[in-house]
Amino acid sequence: MNIQVLPDHKLSSVAPLKPCNVEKKEVELILVKDQNGVQYTSSTIMPTPSTHGTPCTAEELEERETWGKKIDFLLSVIGFAVDLANVWRFPYLCYKNGGGAFLIPYILFLVIAGMPLFYMELALGQYNREGAATVWKICPVFKGVGYTVIIIALYVGFYYNVIIAWSLYYLFSSMTSELPWLHCGNAWNSPNCTDPKLLNGSFLGNGTSYAKYKMTPAAEFYERGVLHLHESRGIQDLGMPRWELVLCLVAVVFLLYFSLWKGVKSSGKVVYITATMPYVVLFVLLIRGITLPGAMDGIRAYLHIDFKQLNDPKVWIDAATQIFYSLGAGFGVLIAFASYNKFDNNCYRDAILTSTVNCVTSFFSGFAIFSVLGYMAHKHGVRIEDVATEGAGLVFIIYPEAISTLPGSTFWAIVFFIMLLTLGIDSSMGGMEAVITGLSDDFKILKKNRKLFTFATAFGTFLVALFCITNGGIYVLTLLDNYAAGTSILFGVLIEAIGVSWFYGVDRFSEDIERMMGFKPGLYWRLCWKFVSPTFLLVVVIASIVTSTGLSYDDYVFPSWSNVIGWGVALSSMMFVPIYAIYKFLSMPGTFKQRIAYCITPEHEHHLVAEGATIRQFTLKHWLAI
């Protein structure tokens, strides 16, 4: 057993503790002991006799698991942040919004908002060593936003696991000598199914792009063979779950459970495969892609620079929302992951490294995607814009169709769907870890029964996901995708940024970081946290509400009642912010002013409120501090 005394600048740290009303902190010891290869740390204080307060109990000084190795943490963060959207959304957005010119707003928003928010969440979790809800002991009135992001992470798990299940279904379907979406004439094909060899620019005629043409074998395999969409009349006509997809979903949920059941001890090892595999596959697909005829036309289209597009505000909104969703701030995942770090870990370097890797991956994946889209356009004699698409249409229709025409198509299909599987699984692990850590830190009974709670969470997401694998399940998935983590997650992070930067205070937050790493964040980061990031988030929240339109899927327009349900789902997570704030205020003792003071003062300073001391939040100096 090692006993390590921290340097002087870390002595005042009370963060890793549940507050115990201790007045003076004289020394902090970190006890590190090896348990099954995983380090556990427990922070303790030697209190001096105090006229108020109680000594800390053993329970309050409980041990917190830490990552076995630093690389476990880095790979977990990269694995979470790098997901399907890096492959199926960014390349198309970049192409559509001016090619290389799109990188200007994208990199700008990365630097002024993406990285600062990423850094803030990592530092918040690491210093306080708590999940997304209990981390708000720094400003109790904001604890509701912790519940908001936990609920959103849970909602995303409902439908995200279904997309992973589709990938698994495609993977199993690829294990044949001839890929099932190569020809017509299968049980699921319609009489109108058209051989892709017959399709060219003149056949399609004006107005229909190849990507939107739904009569190809690949499009029919996805919509009729996998989704059975032709058997549903809309969201009101779901039918029963399909047994093949149920089995795939069971496999995904079991994989998630056994990755998470032992905490970071198990998940930290799974990411060695799930976070690195996509890079190997993307590189292999790129090498294959650039050898295809027409590939260079695709890459030129991807990189073409059109500065005129920057005059369109929609391009800037696209860049802002993409950088936000791509980095994954606000889901409580970064806070949960960072809470298992060692107290003196350099999370500043981690934030810069992982957010940069994520954005470079998005850009790099565009080459693998557009080299193949160029080949498709060349093969069918159409323009790049006719085959370019995003989302499920790209990875489940266009790309598989291109792969099916290559020599050794079975191998390429298996490799591609393994990449989709690994891209999805560690992002889903991150979301579920946010839920498990966030709630088990708040309710100790859940922490004591982690394996059971992990199973309950995984099984709960499985039950709701069954609605997404019925004949009309794609409509349920589209509704959840639009509303569960749309405006609500932007709202949650806006409140989080205001809570940390304004109510807790950027100066105090900077001192916390100095206690961990020995240096204060520079003026640039403090200005971003206090002014730039909240402003950025406010603009994006307003833009997302203003540009919100009725839901549709291809030609199907959702009934108005489904939009009402969608907004109900969005509000069901957001309402925790005001409801918890009101509850906290009403549950506090004292006068109106004292209640306000209790709500906005860190818990370990509540004795100052009781004594009637001046509270820093009631001074102008607090609000002006940077």
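**Salt bridges and the annotated site**

Author: Asp441 has a relative accessibility of 2%, so Asp441 counts as buried (buried is under 20% relative accessible area, exposed over 50%, partly exposed in between, with a 1.4 Å probe and protein chains only). Before we go on, this is a predicted model, where local features need pLDDT of at least 70 and side-chain atom pairs count only at pLDDT 80 or more, while totals for chains, interfaces and linings use all residues. Residues are numbered from 1 along each chain as its sequence is written, and side-chain values use heavy atoms, with hydrogens and water left out.

Reader: Ok, which residue forms a salt bridge with Asp441, with the closest N and O atoms 2.9 Å apart?

Author: That's Arg64. A salt bridge here is a side-chain nitrogen of Lys or Arg within 4 Å of a carboxyl oxygen of Asp or Glu. Asp441 is in helix α17 (residues 409-442) and Arg64 in strand β4 (residues 64-65), so the pair ties together parts 377 residues apart in sequence. Helices (H or I, at least four residues) and strands (E, at least two) are DSSP runs, numbered from the N terminus.

Reader: Is Arg64 buried or exposed?

Author: Buried, and Asp441 is too.

Reader: What about Lys447 and Asp441, how do their side chains meet?

Author: In a salt bridge, at 2.8 Å from N to O. Lys447 is partly exposed, with a relative accessible area of 28%.

Reader: How many salt bridges does a search of the whole structure find?

Author: It finds 20.

Reader: Switching topic, what does UniProt list for "binding site"?

Author: The unreviewed entry lists Gly79, Ala81, Val82, Asn86, Ser326, Asn358, Leu423, Asp426 and Ser427. They are spread over 349 residues of sequence but cluster in space, with a largest C-alpha distance of 14.1 Å. UniProt positions are in the numbering used here, feature names are shortened, and annotations may be inferred rather than shown by experiment.

Reader: Where is Val82 placed?

Author: In the loop between α1 (70-81) and α2 (84-88). Val82 has 3% relative accessibility, so it counts as buried. Leaving aside neighbours within four places in sequence, Val82 is in contact (heavy atoms within 4.5 Å) with Tyr279, Asn358, Thr361, Leu423, Asp426 and Ser427.

Reader: And Ser326, which helix is that in?

Author: Ser326 lies in helix α12 (residues 313-327), and at 3% relative accessibility Ser326 counts as buried. With neighbours within four places in sequence left out, Ser326 is in contact with Ala81, Asn86, Tyr106, Asn358 and Ser362.

Reader: Last one, what do the buried residues of α9 pack against?

Author: They pack against β4, α1, α8 (243-260), α10 (277-289) and α17. The buried residues of α9 (residues 264-274) are Val264, Ser266, Ser267, Gly268, Val271 and Thr274.
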